[in-house]
Amino acid sequence: MRKSILQITMVMALLLAILSGCGDKVPTPGLNFITEAVYEEFGECAEGFIWARDNTKVQYLDYEGNVVIDDALEKLREILGGEPNMDGVFIDDFHDGLALITYSAYDSDLGYDCIQQAYFLQTDGSLGPVFQDVAFWEVGSCVNGKILIIPEEEDAVYVYDKAGVKERTATIDCGPDRWGGIYWNLPGDGLIAYYSLSKTDSEDVLFGYLDENFQVAIPAQFEDVRPFNQGLAVIVKDDKCGFIDKTGTVVIEPLYEDFAVEDMAYSYRVFTDGYAAMKLDGRWGVIDKTGKQVVPFIHKDTAYLLFREGLAPVDYGYVDTTGEKVIQIKEAYLLLFVEGAAMVGSEGSFYFIDTAGEPITKKTWDFDAVGDDSSFADQNIIIYERDEKWGLAQVVWE
């Protein structure tokens, strides 16, 4: 009898263990809608915030969709005495805890458009530095605690701190026969792109880099340049793109017609995970930091080719870092992989696939389109469209 009771007890324990195991649920991706589709456009994810615009209403949201700054243009309306012409409004992402708003309009004295109003918002919505009734070529985002302003006069740069206190006026010396000015107001890796323009020939313009003291670090010699990131910068010679290092040495020959950029407003990242998407002979492919081809230049319909978790979306599928197309899928929208899942789909039906290209669940979402901005992918956020308006949804594992 005791043996039978022991056997029954063991069987019951085994059944309980099996039943308990059957209750374990494998997490699957889903969506938590953090805003409805009520916006016309979004900025990029930066420092915990996203700006969102609906007509003339501009808000800053956190990554959970909460409104942190309800009316970013309140100060501009106050200055102008009414609604601004949105064609003249520039809205920036947060940099160093400040978000820049500028307003440009025609200046009858100068005979051209210039920035006439500019101010910065702090993360709590309060005002930072304000530049009212001015005539500036450009006002830069706050980077490394500095705000660079390009005034109307050539060769000058106004340098302000985060509080709006002017530290100095710097000059860019390009010689007696040329003007100089800031080209990309984003000091990537400590170098700032500048232009050198002939005083007698407006088509004679070259580009180079300054150090943080506005002294020439790499002389103007290129047809175009972009900010440095990870020690490399895109330059243009003979209408072709290549890369230089911080000494000005060409490390990847100018062979390419175009390139893809991530996070254009903040870090200007061309290489991600060691790879850059480039265009050659009308087709897109991928190179590494030595210039070696990783993905063949055979893709014609996409410029993003951005790798996440070893996979990059291309025409109707995904390639791995050897260039092999490992997922074939005929959908109009292919987003980046995050935590082993990527949203794909076409108008009216979107769903998640795994790294083998298989649907993870039967769940689908009825969107008109989805966005492909990598700064959102990095935060597990998807931009979705319904009825010509956009909203945000957070990818969650359920």
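Trainee: Which residues does serine 198 touch, not counting residues up to four places away in sequence?

Mentor: Contact means heavy atoms within 4.5 Å. By that criterion, serine 198 touches Asp177, Arg178, Trp179 and Asp204, with residues up to four places away in sequence left out. This is a predicted model, in which local features need pLDDT of at least 70 and side-chain atom pairs count only at pLDDT 80 or more, while totals for chains, interfaces and linings use all residues. Residues are numbered from 1 along each chain as its sequence is written, and side-chain values use heavy atoms, with hydrogens and water left out.

Trainee: Where does serine 198 lie, and is serine 198 buried or exposed?

Mentor: Helices (H or I, at least four residues) and strands (E, at least two) are DSSP runs, numbered from the N terminus. Serine 198 belongs to strand E14, which covers residues 192-198. As for burial, buried means under 20% relative accessible area, exposed over 50%, and partly exposed in between, with a 1.4 Å probe and protein chains only. Serine 198 has a relative accessible area of 8% and is therefore buried.

Trainee: Which backbone nitrogen does the side chain of serine 198 reach at 3.1 Å?

Mentor: A polar contact is a pair of N or O atoms within 3.5 Å; within protein, one must be able to donate a hydrogen and the other to accept it, and residues adjacent in sequence count only if both atoms are side-chain atoms. The backbone nitrogen at 3.1 Å is that of aspartate 201. A polar atom of the serine 198 side chain also lies 3.2 Å from the backbone nitrogen of threonine 200.

Trainee: How is a sheet read, and what is the order of the open sheet of 3 strands?

Mentor: Strands of a sheet pair through backbone hydrogen bonds, either parallel or antiparallel. Two strands pair if DSSP finds at least two bridges between them. Here the order is E28-E29-E30, and the pairing is antiparallel. Strands E28 (333-334) and E30 (349-353) stand at the edges with a single partner strand each, so one side of each has no neighbour in the sheet. Strand E29 (residues 342-346) pairs with E30 over 5 bridges, and valine 344 is opposite tyrosine 351 in E30.

Trainee: How many aromatic pairs does the structure hold?

Mentor: Rings of Phe, Tyr and Trp (its six-membered ring) pair if their centres lie within 6.5 Å; planes under 30 degrees apart count as stacked, over 60 as edge-to-face and the rest as tilted. The structure holds 22 such pairs. In one of them, the rings of phenylalanine 350 and phenylalanine 367 have centres 5.8 Å apart and planes at 40°, so this pair is tilted. Phenylalanine 350 is in strand E30 and phenylalanine 367 in the loop between E30 and strand E31 (369-370), 17 residues apart. Both phenylalanine 350 and phenylalanine 367 are buried.

Trainee: Which aromatic pair is edge-to-face, with 85° between the planes?

Mentor: That pair is phenylalanine 352 with tryptophan 365, at 5.6 Å centre to centre. Phenylalanine 352 lies in strand E30 and tryptophan 365 in the loop between E30 and E31, so the pair ties together parts 13 residues apart in sequence. Both phenylalanine 352 and tryptophan 365 are buried. Separately, one aromatic cluster is formed by Phe33, Tyr333, Phe350, Phe367 and Tyr384.

Trainee: What lies over the face of tyrosine 158?

Mentor: A charge sits over a ring if NZ of Lys or CZ of Arg is within 6 Å of the ring centre and within 35 degrees of the ring normal. Lysine 166 takes that place over tyrosine 158, at 3.8 Å from the ring centre. Likewise, lysine 199 lies over the face of tryptophan 179, at 4.6 Å from the ring centre.

Trainee: How many disulfides does a search of the whole structure find?

Mentor: A disulfide is a pair of cysteine sulfur atoms within 2.5 Å. The search of the whole structure finds 0. Cysteine 114 is buried, with a relative accessible area of 5%, and cysteine 174 is buried at 18%.
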